[in-house]
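Good morning, and thank you for coming. Please look at the sequence and the model on the screen while I speak.

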Amino acid sequence: MSDEEKIGQLFCPISFSADERYLENELLRFHIGGVLFKTSPSQEVRRALKYMQQHSKIPLLCAANLEFGSTGFLEDGTHFAQQMGIGATGSSKHAYR
């Protein structure tokens, strides 16, 4: 890796769009190490991640805010209670899930 690519690997920016021009010109050109998406439709996130993985020299880390389940990055994801809510159920099954 070049020095520029090594430095880029340190960054995991937040993405707001699945537009390929944006992904290429604003994210991938910096050789980022990963990406975190704001809450978006799952099809848009899937399309953007697929494009980015295909056009990245090094596989990207896919980060997400999962404190409340997949709704932290997918509009149509599954919502889960916070850890205290899961603990209040008294069920190890819910904690496992």
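Predicted model: local features only at pLDDT ≥ 70, side-chain atom pairs only at ≥ 80, totals over all residues.

Residues are numbered from 1 along each chain as its sequence is written, and side-chain values use heavy atoms, with hydrogens and water left out.

Let me begin with confidence. The score, pLDDT, is the predictor's confidence in each residue, from 0 to 100. Its mean over the chain is 86, and 99% of the residues reach 70 or more. Helices (H or I, at least four residues) and strands (E, at least two) are DSSP runs, numbered from the N terminus. Confidence is highest in helix 1, at a mean of 93, and lowest in helix 4, at 78.

Three strands form an open sheet in the order 1-2-3, with parallel pairing. Strand 1 (14–15) and strand 3 are its edges, each pairing on one side only. Two strands pair if DSSP finds at least two bridges between them; strand 2 and strand 3 are joined by three. Across this pair, Leu36 stands opposite Ala63 in strand 3.

I turn to helix 3. This helix has 14 residues and reaches 20 Å from its first C-alpha to its last, close to the 20 Å expected at 1.5 Å a residue. The expected span is 1.5 Å times one less than the number of residues. Which residues of helix 3 are buried? They are Ser42, Val45, Ala48, Leu49, Tyr51 and Met52. Buried means under 20% relative accessible area, exposed over 50%, and partly exposed in between, with a 1.4 Å probe and protein chains only. These buried residues pack against helix 2, strand 2 and strand 3 (61–63). Ser42 counts as buried because its relative accessible area is 11%. Beyond its neighbours within four places in sequence, Ser42 is in contact (heavy atoms within 4.5 Å) with Leu74 and Asp76.

Now the core. A nonpolar core is a set of buried Ala, Val, Leu, Ile, Met, Phe, Trp, Tyr and Cys residues joined through side-chain atoms within 4.5 Å. The largest one here has 15 residues, and among those with the most contacts inside it are Leu23, Phe37 and Met52. Helix 2 (20–27), strand 2 (34–37) and helix 3 (42–55) each give two or more residues to this core, and helix 3 gives the most, with five. In soluble globular proteins, nonpolar side chains tend to be buried together. Not counting residues up to four places away in sequence, Leu23 touches several residues, including Ala48, Tyr51 and Met52.

Finally, some single residues. Apart from neighbours within four places in sequence, Glu5 is in contact with Lys57 and His31. His31 lies in the loop between helix 2 and strand 2 and has a positive phi of about 60°, although it is not a glycine.
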